[in-house]
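Student: I would like to learn how to read a structure like the one below. Please take me through its features in turn.

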Amino acid sequence: MRHSAPSSGGGEDVRPVRAGADQFSGSTAGAFAAVSLERFLDRLPDTLTVVHDGRPGTAEPALVRWVEPSELEDPAPYLLEGEFVLTAGLPFLDDGGTPEAVDRYIERLVQAKVCALGFGISPYFSDIPQTLAEACRKHSLTLVAIPEEVPFAALGLEFARLLEAENLRVLRLLSEANRQLMRAVLTPRPEAELLEALVRNVPVWAVLVGANRRVRSRAVPAQLQGGVPEAAELEPMLARLFAGSGPRVELESFDAPGARRVVGYPLRSTRDANLGALVVGAASPLEPVEKNIVETAVGLLEALLRQRTVGSLAPSQLATALLLHPETTTAGSRRSQAVGRLVAQSVSAPRHAELRVVQGFRAGGPAPESTEKAGVPSGTGGEDPVRGLLQWRRIFDTKLVESTDYGFAAITRVRVDDAVVAEVEKLGWHLVISDTAELPELPEAYRRATSLRQQAQVAGRSVRADQLEFSVTGLLGPEAGSMLFNRSFSPLRQLEPERASALLAVLRAWLEANGSWDGSAKALGLHRNSVRRQIGQVGELLGRDLSDAQTRAELLIALNYSPPDLLPGPE
């Protein structure tokens, strides 16, 4: 037999105890996946006939959550909300076929919130009983006639295929919507961007209201323009929302086409204080997956408002103290100890931890001079600045990070070891790492890191201040040194290369001999008068007083950066 047989013999009303039945009843059923009744019926064979359509005039589309064959006299205790019940008519034989019995049967199905009743023609009946059709009309239950050639199992399989397809659609929709909502949270304007992402994924308009009931942000899709109530119209609903407590919503309906269904969600702190509200409106009821997306947006907005109002307070206190009292970083000042504690909290450190300044720049990026001339921030690479800041905060375990024209700067208590440097360099960046510093020394540590950054950019590698030799040539770097050489010896570059090289060799020997004619002559293998004459020629060509100690020191430093083809380095 193609239809299901009764599960018990005789006429006994068998009602087994269902453990935990409450978790499957009422609104909880809305958590299950479903397919609209209209879509399900469209996929069934044309030989099926809708004897009575109980859907017209309902506020929301009927949803099928399961297809259940049953020949029980009273299947209601075993049904979930939204089931499509199938029967071959066994409950309507004999005394069960009286108008009163049929009416009670249908009434119990409706009370169980059954979606529709499918009646199989054969083997017990050759047509729909008139009493059944009248009862379905009376109680507005959809009744479908199923011909003998369509097995009940075929309906179950078709529903299973639709349910699987619906679940995949819901997963894709949720995944994409949640991705957009999370990305919006990381933008410079998280609240506005989050509302925009919401209305892109759900057919609603959205208004964010602050704790003072003033509109902070709004987003309205093009198809709902003109259908958003004015702020004054929303005031009664907001008054009710802000007067309540706990997780609750307010419902309202307006005459505007895009505001038939308006829902207000409270945004509350961990102590149930009102932080604001999200109001969304739609022209028609939302699908369960769309309601889920809206609730995700509510949670993210609540987290944003909580972070702003009750999140980590140390960075905001620190910024306020430094803006209003710049002297607080001075050692021994009345406020310096309190500021030191705020700095420690902001870098996740013990109270007296050592601090470092770290500067980061893109590997292979332009040097600061060329970047500034081009008017383009160095090292940003078109990246999302907020995402970059969050990345550096994670790596250096600090909230004290800023975006700069060359990349970023951070204050950290982390010992920036080789593993941290390797992680940063895998991301395409190089670092300049200062020595450890106390709070009053941080500006000087930043200046020292800045003085090393150009050298690190030219060298194309990360640099640690504690591993560098702090000499004039070491700090000057090859690029600045070359500029110094060209500026100092440009008149000599006008001579023949051989003549210029010879004069530079004499000048270097003389400067390295500290101006000694005899010492330089011996080193060069020349007569002291020859050295004196050539040094005089160099002075005249350069227009410099070579008896001046500062001039001689500057020229000696510049000679260290002479081109190899013009003057080989000292052996």
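Student: Which residue is the bridge partner of Leu251 in E11?

Tutor: Strands of a sheet pair through backbone hydrogen bonds, either parallel or antiparallel. In this predicted model, Leu251 has Val263 in E11 as its bridge partner. Three bridges join E10 to strand E11 (residues 261-268), and the two strands run antiparallel.

Student: What is the order of the strands in the open sheet with antiparallel pairing?

Tutor: The order is E9-E8-E12-E11-E10, which makes five strands. Strand E9 (215-219) and strand E10 (250-252) are the edge strands, each pairing on one side only. Neighbouring strands are turned by 15° against each other on average, direction ignored.

Student: Which strands does helix H6 lie across?

Tutor: Helix H6 (residues 231-243) lies across E8, E10, E11 and E12, and runs at about 135° to E12. Helix H5 (residues 190-201) lies across strand E8 (205-210), E9 and E12. Its angle to E9 is about 30°.

Student: What is the pairing in the open sheet that holds E2, E7, E6, E5 and E4?

Tutor: The pairing there is mixed, and the five strands are ordered E2-E7-E6-E5-E4. At the edges are strand E2 (49-52) and strand E4 (66-69), each of which pairs on one side only. From one strand to the next the twist averages 25°.

Student: How many bridges join strand E5 to strand E6?

Tutor: Four bridges join strand E5 (residues 83-87) to strand E6 (residues 116-120), and these two run parallel. Leu86 stands opposite Gly118 in E6. Helix H4 (residues 152-185) lies across E4, E5, E6 and strand E7 (142-146). The direction of helix H4 is at about 165° to E4.

Student: Next, salt bridges. How many salt bridges does the structure hold?

Tutor: Side chains of opposite charge can pair when their charged atoms come close. The structure holds 20 salt bridges. One of them joins the side chains of Glu287 and Arg169, at 3.0 Å from N to O. Glu287 lies in the loop between strand E12 (274-282) and helix H7 (288-310), while Arg169 is in helix H4, so the pair ties together parts that are 118 residues apart in sequence.

Student: Where do Glu176 and Arg179 lie?

Tutor: Both lie in helix H4, three residues apart, which is about one turn of the helix. Glu176 forms a salt bridge with Arg179, and the closest N and O atoms are 2.7 Å apart. Glu176 has a relative accessible area of 30% and is partly exposed. Arg179, at 39% relative accessibility, also counts as partly exposed.

Student: Where do Glu444 and Arg447 lie?

Tutor: Glu444 and Arg447 are in helix H13 (residues 442-459), three residues apart, about one turn of the helix. Their side chains meet in a salt bridge at 3.1 Å, N to O. Glu444 counts as partly exposed, at 39% relative accessibility.

Student: Which residues do salt bridges that share partners join into one network?

Tutor: The network consists of Arg39, Glu166, Arg169 and Glu287.

Student: Now the aromatic rings. Why does the pair of Trp392 and Phe408 count as stacked?

Tutor: A pair of aromatic rings is described by the distance of the centres and the angle of the planes. Planes under 30 degrees apart count as stacked. The planes of Trp392 and Phe408 are at 20° and their ring centres are 4.3 Å apart, so this pair is stacked. Trp392 lies in helix H11 (residues 385-396) and Phe408 in strand E15 (residues 407-412), so the pair ties together parts that are 16 residues apart in sequence.

Student: Are Trp392 and Phe408 buried or exposed?

Tutor: Trp392 counts as buried at 3% relative accessibility, and Phe408 counts as buried at 1%.

Student: Which residues do ring pairs link into a cluster?

Tutor: Ring pairs link Phe40, Trp66, Phe84 and Phe159. The count of aromatic pairs comes to 12.

Student: Which residue lies over the face of Tyr406?

Tutor: Arg453 lies over that face, at 3.8 Å from the ring centre.

Technical notes:
Residues numbered from 1 in each chain as written. Predicted model: local features only at pLDDT ≥ 70, side-chain atom pairs only at ≥ 80, totals over all residues. Heavy atoms only, no water. Pairing = 2+ DSSP bridges. Axes fitted to C-alpha atoms, helices over the stretch in contact; angles between N-to-C directions. Contact = heavy atoms within 4.5 Å. Salt bridge = Lys/Arg side-chain N within 4 Å of Asp/Glu carboxyl O. Buried < 20%, exposed > 50% of the residue type's maximum accessible area, 1.4 Å probe, protein only. Phe/Tyr/Trp six-rings, centres within 6.5 Å; stacked < 30°, edge-to-face > 60°. Lys NZ or Arg CZ within 6 Å of the ring centre and 35° of its normal.
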